[in-house]
Amino acid sequence: MPAMILQINKPPKAGYFSHVFFTEDNRVVKLFLKKEGAAFTAEAPQNPDDNIVVSRAVWESECEAYELVTKMPTLVELIPRYFKREIIKDVIGKSGQSIASSYILDCAYSLEYIPGSDFKVNEYRGPLRDEITSAVERLRQAGVNYVHDASVIIDPNGSIFRLIDFGTWDAQMELSTELTFNLRLSDDMRAKWGSPKEDRRE
């Protein structure tokens, strides 16, 4: 499968870890940013590449969670359709110039585009709250252990929802704790998360 080139025709949705791009074929691509300096702790790590390792671990946790839920017929309707992990060849900004250096190009995945409004699950107080709370608990029981920062997309009619932004574990917390105490990640963490541990982007 050829690597993808992302063209910024409209601004991507910006999050702390990533930008979400909207493609012409009704997909979204979540591409992780290169974070610099004191991105996850009070002081910058001794090795700037450690920030990339943290972001890569978060990406891996999210991909693993989508891949887990996709295999479960009773849960798959709770999330957007997950397509695959992606490798991005380039990102072209509005000026026509490459801005790929701002991103970790092999830390991306693609999902079905769901129109609607999105909310943090723990902040949502609308009529679907009980259903959404139950859905989150079903994911947790299935092994999606990090749902603290999950969001929900609710369709324009207010009757259908899909959960996003979850992971199998709290990668940011675990690795940031290591950085906070030592200003560097352990060799084991770098070896495990420093590059994709397995290529499942066919």
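**Exercise 1.** Describe the open sheet of 3 strands: its order, pairing and edges.

*Solution.* The strand order is 8-9-10 and the pairing is antiparallel; strands are DSSP runs of E of at least two residues, numbered from the N terminus, and two of them pair if DSSP finds at least two bridges between them. Strand 8 (117–120) and strand 10 (161–164) are the edge strands, each pairing on one side only. From one strand to the next the twist averages 25°. This is a predicted model, in which local features need pLDDT of at least 70, side-chain atom pairs count only at pLDDT 80 or more, and totals for chains, interfaces and linings use all residues. Residues are numbered from 1 along each chain as its sequence is written, and side-chain values use heavy atoms, with hydrogens and water left out.

**Exercise 2.** Find the bridge partner of valine 152 in strand 10.

*Solution.* Strand 9 (residues 151–154) pairs with strand 10 in the antiparallel sense over 4 bridges. Within strand 10, leucine 163 is the partner of valine 152.

**Exercise 3.** Check the length of helix 2 and locate its buried face.

*Solution.* Ile132, Ala135, Val136 and Leu139 of helix 2 are buried (under 20% relative accessible area; exposed is over 50%, partly exposed in between, with a 1.4 Å probe and protein chains only). Seen down the helix 2 axis, the buried residues fall within an arc of 100°, taken from the directions from the axis to the C-beta atoms, so they line one face. The face turned away from the buried side carries exposed Asp130 and Gln141.

Definitions and conventions: Axes fitted to C-alpha atoms, helices over the stretch in contact; angles between N-to-C directions. Expected span 1.5 Å × (residues − 1).
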